[in-house]
Amino acid sequence: KWKNWILRLKNILGDIMQNDHWDFWMRLAEQNYKRPNEIKSEGDIQDAQKQHVGTYDQTSNMLKTLFLEKTHEDSEAFLIITRNQNGIIGYAAIYRYMMELSAESLSDKTNLILNPTRATKDEDVMRLIEIWEDDYRDARARGMPDLGDVYKISILRNKIITDTIKDKIET
C-alpha cells in the first residue's frame, strides 16, 4: 500500500514540477536509505553532468513542506519528517521505516527477482519489466548482491518476455 502511495506522489510531482531534480534526489534517498547522511555527497558523485548542482536544499525544503502538509500529524511519516527537518533525509527515513514495517524478507524478494511473472500478452511485457526493475532496485537496497548483466538479460528473456517477442529479438 505504501509503495502505491509513493507511486502516486511521484506521478503528481512529475506532472507539477518543472524539472526532475526531485526525482534524482528521491531515487538517491531510496538507494541510500540505510545511510541517509551520505545522500548529498553520493548525489554529487552520481551527478557527473552537474545537472543537479545546488538543488539538494531546494528539493529537501519542497519535500519537507509536502510531507508536513500531506501527512497526518499523528502519523509516523509526519514525526519522521519533523525529527529530521530535512525532506530528503526524512524521505529516506520514511522509506526505511516502511521497508522494515512491510516485513518483506530478502529471501522472498530474491525469489521474486529470480522468478518473475511471465507476460501472457505482448502488451504486458514493458509493464512487467518495469515492475521487475523496481523489485530488483528494492532488493539491491535491502542488501541483495548485484546480478551481472548476463543474469539480468537471461531473466528478462527467459522468464518475462513472451515467445513472440523473444522470436523477434533472436532474428
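**View 1. Helix α8 crosses helix α9 in a right-handed manner.** In this predicted model, α8 spans residues 125–141 and α9 spans residues 149–160. Helices are DSSP runs (H or I, at least four residues), numbered from the N terminus. A crossing is right-handed if the near helix is turned clockwise from the far one by less than a right angle. The two helices pack at an angle of about 140°, with their axes 11 Å apart. Axes are lines fitted to C-alpha atoms over the stretch in contact, and angles run from 0 to 180 degrees between N-to-C directions.

**View 2. Side chains meet between α8 and α9.** From α8 come V125, L128, I129, W132 and Y136. From α9 come K152, I155, L156 and I160. Contact means heavy atoms within 4.5 Å. By class, eight of these residues are nonpolar, none is polar and one is charged.

**View 3. The largest nonpolar core holds 26 residues.** Such a core joins buried Ala, Val, Leu, Ile, Met, Phe, Trp, Tyr and Cys residues through side-chain atoms within 4.5 Å; buried means under 20% relative accessible area (1.4 Å probe, protein chains only). W25, M26, I39, I88, Y91 and Y95 touch the most other members. Helix α6 (87–102) gives the largest share, seven residues. Another core, of 13 residues, lies apart and includes A139 and M144.

**View 4. Y95 and its contacts.** Beyond its neighbours within four places in sequence, Y95 touches W2, I6, E30, Y33 and D138.

**Notes.** Residues are numbered from 1 along each chain as its sequence is written, and side-chain values use heavy atoms, without hydrogens and water. Local features need pLDDT of at least 70 and side-chain atom pairs pLDDT 80 or more, while totals for chains, interfaces and linings use all residues.

Conventions:
Buried means under 20% relative accessible area, exposed over 50%, partly exposed in between (1.4 Å probe, protein chains only). Ala, Val, Leu, Ile, Met, Phe, Trp, Tyr, Cys and Pro count as nonpolar, Asp, Glu, Lys and Arg as charged, and the others, Gly among them, as polar.
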